[in-house]
Amino acid sequence: MRKTRKEEENKKNQKSNAQRLLDKIRRDNITKIEPVYNPKNGCTNCYPIVESFVDTNVKIAPLLEEISETGVLEKKLFDKMVLCPKCNSQNTTTRYNCPYCNSFNIEKSSLIEHIKCGYMDVEQNFRKGKNLVCPKCGGRLNRADFDYKKAGVWCKCNNCEKNFDIPTPSHFCRKCGSISTFEEINLKNVFSYRVKEIVDNGLSNSSFVNIAIKKFLTKEGWKVDSPANVNGKSGVEHSFDMVAFKGSKIKETMVIDIATSEEMVAEQPVVALFAKIFDVSPNKSLLIAIPKINDNGKKMAALYKIRIIEAKDQTQVINQLKEILKA
Ligand SMILES: [Zn+2]
Ligand SMILES: [Zn+2]
Ligand SMILES: [Zn+2]
């Protein structure tokens, strides 16, 4: 089968999207990642600083979410987008309407109080050219908070000519033209991210894998502890990167260790894991090798009945884990 250009591109770039983004953060000393509004897609997935570093088909918001779960980024609420209930567009505006006839054709002005005589009226009734003059006592109003104070807003409807101080808001969709009330609209959270700490490649990669496995197994009905300590038959306590249990009466136990290396994981993690499972006797033992493990490691794993997953990122790990659990 002929490979698409996308696949070739992905193959060339052996690093995961998250890894590439972390490299970029490290290299350019990026301290925060903020969304930028674009009229077509609103703020969803619109993080220009990130866009050029990940595959074009990647949804950026979930990627940033995933990275923030490792503790590298700290998530902060940046905005609430108003979504049109009819077409889901974020390209909406807020309208302030007359509470009597619902027209958005209103004039907004300020209420002014002349401190000296106590007269209060809308600003335009004080206007005399460039100056403000009290219509009641004829005194000049020169300094705000000294001669006069602004006493609030006052609106007049150009349609029904009624006055009011609090308008009724509604939302107009620029895309489909529908008008919605607050009850009808949907709100969508948009987040910004602060870079908390820069971790080295190996550590951050194994954190992504760890989180992804935990999520996947929990969804599949496993109870997951990570990291986890288990008492062996000898009474010695052993620690694993992850231990998962399933079933109520007779528990099925699966232990998982994650080993990372720049190029090739050696056989030591296999030996270490074997020493632990010899004492703990789990139903399944997995070693996740990122990105690969050497032949010696593979041979020993086969001998010790340790399943090996070789993967470059969390997506590959989960795909193989699915197959292993099916078997
Ligand atoms: Zn006055
Ligand atoms: Zn009106
Ligand atoms: Zn719409």
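Reader: Let's start with Cys117: is Cys117 buried or exposed?
Author: Keep in mind that this is a predicted model. Cys117 sits in the loop between β4 (106–114) and β5 (120–122). Cys117 has 12 other C-beta atoms within 10 Å, so Cys117 is exposed.

Reader: Which residues does Cys117 touch, leaving out those up to four places away in sequence?
Author: Contact here means C-beta atoms within 7 Å. On that basis, the partners of Cys117 are Cys134, Lys136, Cys137 and Gly139.

Reader: And how far is Cys117 from Thr218, C-alpha to C-alpha?
Author: Along the chain, Cys117 and Thr218 are 101 residues apart.

Reader: Let's zoom out. How is the protein divided into domains, and how far apart are the C-alpha centres of domain 2 and domain 3?
Author: Domain 1 takes in 5–86 + 188–195, domain 2 covers 99–166 and domain 3 runs over 201–326. For domain 2 and domain 3, the distance between C-alpha centres is 72 Å.

Reader: How do the axes of α2 and α4 sit, roughly parallel or roughly perpendicular?
Author: Helix α2 covers residues 17–28 and helix α4 covers residues 60–69, and their axes come within 10 Å. The crossing angle is roughly 75 degrees. Angles of 65 to 115 degrees count as roughly perpendicular. That is why α2 is described, relative to α4, as roughly perpendicular.

Reader: Which residues meet where α2 and α4 touch, and what is the make-up by class?
Author: From α2 come Asn17, Ala18 and Leu21, and from α4 come Leu63, Glu66 and Ile67. Sorted by class, this contact of α2 with α4 has 4 nonpolar, 1 polar and 1 charged residues.

Reader: Where around α4 are its buried residues?
Author: The buried residues of α4 are Ile60, Leu64 and Ile67. They cover an arc of only 60 degrees around the axis, so they lie on the same side of α4.

Reader: Which residues other than glycine have a positive phi, and in which loops?
Author: Most residues other than glycine have a negative phi. Asn29, in the loop between α2 and β1, has a positive phi of about 50 degrees. Another is Asp145, with phi near 65 degrees, and Asp145 lies in the loop between β8 (140–141) and β9 (148–157).

Reader: Buried or exposed: what about Asn29 and Asp145?
Author: Asn29 has 8 C-beta neighbours inside 10 Å, so Asn29 counts as exposed. With 8 C-beta neighbours inside 10 Å, Asp145 also counts as exposed.

Reader: Which residues are joined by cis peptide bonds, and what is omega there?
Author: Most peptide bonds are trans. A cis bond links Ser226 to Pro227, with omega about -10 degrees, and Pro227 is in the loop between β14 (223–225) and β15 (228–231).

Reader: Now Thr92: is Thr92 buried or exposed, and which residues does Thr92 touch?
Author: Thr92 belongs to strand β3 (residues 92–97). Buried means 20 or more other C-beta atoms within 10 Å, and Thr92 has 22, so Thr92 is buried. Leaving out residues up to four places away in sequence, Thr92 touches Val82, Cys84, His171, Phe172, Cys173 and Arg174.

Terms used
Residues are numbered from 1 along each chain as its sequence is written. Chains are lettered from A and ligands numbered from 1 in the order in which they are written. This is a predicted model: local features need pLDDT of at least 70, side-chain atom pairs count only at pLDDT 80 or more; totals for chains, interfaces and linings use all residues. Domain bounds come from an automatic or database domain assignment. Axes are lines fitted to C-alpha atoms, for helices over the stretch in contact, and angles run from 0 to 180 degrees between N-to-C directions. Helices (H or I, at least four residues) and strands (E, at least two) are DSSP runs, numbered from the N terminus. Angles under 35 degrees count as roughly parallel, over 145 as roughly antiparallel, 65 to 115 as roughly perpendicular and the rest as oblique. Two residues are in contact if their C-beta atoms, placed from the backbone, lie within 7 Å. Ala, Val, Leu, Ile, Met, Phe, Trp, Tyr, Cys and Pro count as nonpolar, Asp, Glu, Lys and Arg as charged, and the others, Gly among them, as polar. The arc is that of the directions from the helix axis to the C-beta atoms.
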